[in-house]
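Subject: Structure handover

Hello,

The structure is placed below, and my notes on it follow. Please read them with the coordinates open.

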Amino acid sequence: PATLKAGGPLLADILDALHRNGGALHRSEVARQVAEWRGLRTRPDVLALEEELDRAFRGYLGAAETRSQPPLLFQPFGPRSYRWALTDAGRALL
């Protein structure tokens with residue numbers, strides 16, 4: 001879908017990890033799974049990936065006012081939480 005293409009591979013990986021795990025995970029667990037898929041093994045590589053994923057996630061949330069479609073992702077415990085989740089629209093997409 002166009003939404004995934006616009007968000008790039010990092011957003012697609014976040015959505016995939018959340019979908020495979022019931023719709024919600026802590027950001028470090030998302031990073032661990034994506035790192036495993038990409039064959040990253042060292043802690044510095046995983047931490048760097050976690051930061052990249054976090055930037056992609058926050059960038060996606062920050063672009064909410066420019067998006068014409070319902071959001072796919074949200075933070076169920078508020079903006080300071082590292083818990084990420086799929087919205088109903090995100091679940092329907094996947």
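Asp54 counts as buried, because its relative accessibility is 9% (buried means under 20% relative accessible area, exposed over 50%, and partly exposed in between, with a 1.4 Å probe and protein chains only). Asp54 belongs to helix α3, residues 43-62. Helices are DSSP runs of H or I with at least four residues, strands are runs of E with at least two, and both are numbered from the N terminus. Once neighbours within four places in sequence are set aside, Asp54 is in contact with Arg27 and Trp84, where contact means heavy atoms within 4.5 Å.

On provenance: this is a predicted model, in which local features need pLDDT of at least 70 and side-chain atom pairs count only at pLDDT 80 or more, while totals for chains, interfaces and linings use all residues. Residues are numbered from 1 along each chain as its sequence is written, and side-chain values use heavy atoms, with hydrogens and water left out.

Trp84, one of the contacts of Asp54, is found in strand β3, residues 83-86. Trp84 is buried, with a relative accessible area of 0%. Trp84 and Ile14 are 70 residues apart along the chain, and their C-alpha atoms are separated by 8.9 Å.

Helix α3 also holds Gly59. For Gly59 and Trp37 the values are 22 residues in sequence and 23 Å in space, C-alpha to C-alpha.

Gln33 sits in helix α2, residues 27-38. Gln33 is buried, with a relative accessible area of 10%. Its side chain makes a polar contact of 2.8 Å with the side chain of Asn21. A polar contact is a pair of N or O atoms within 3.5 Å; within protein, one must be able to donate a hydrogen and the other to accept it, and residues adjacent in sequence count only if both atoms are side-chain atoms. Apart from neighbours within four places in sequence, Gln33 is in contact with Ala17, Asn21 and Leu25.

Now the whole chain. The protein chain has four helices and three strands, in the order α-β-α-α-β-β-α from the N terminus. Its radius of gyration is 13 Å, close to the 12 Å that the globule rule gives for 94 residues, so the protein chain is as compact as a globular protein of that length. That radius is taken over C-alpha atoms, and the rule is 2.2 Å times the number of residues to the power 0.38. The C-alpha trace spans about 40 × 30 × 25 Å along its principal axes.

Of the 94 residues, 39% count as buried. Among contacts between residues at least 6 apart in sequence, 41% join residues at least 24 apart.

Regards
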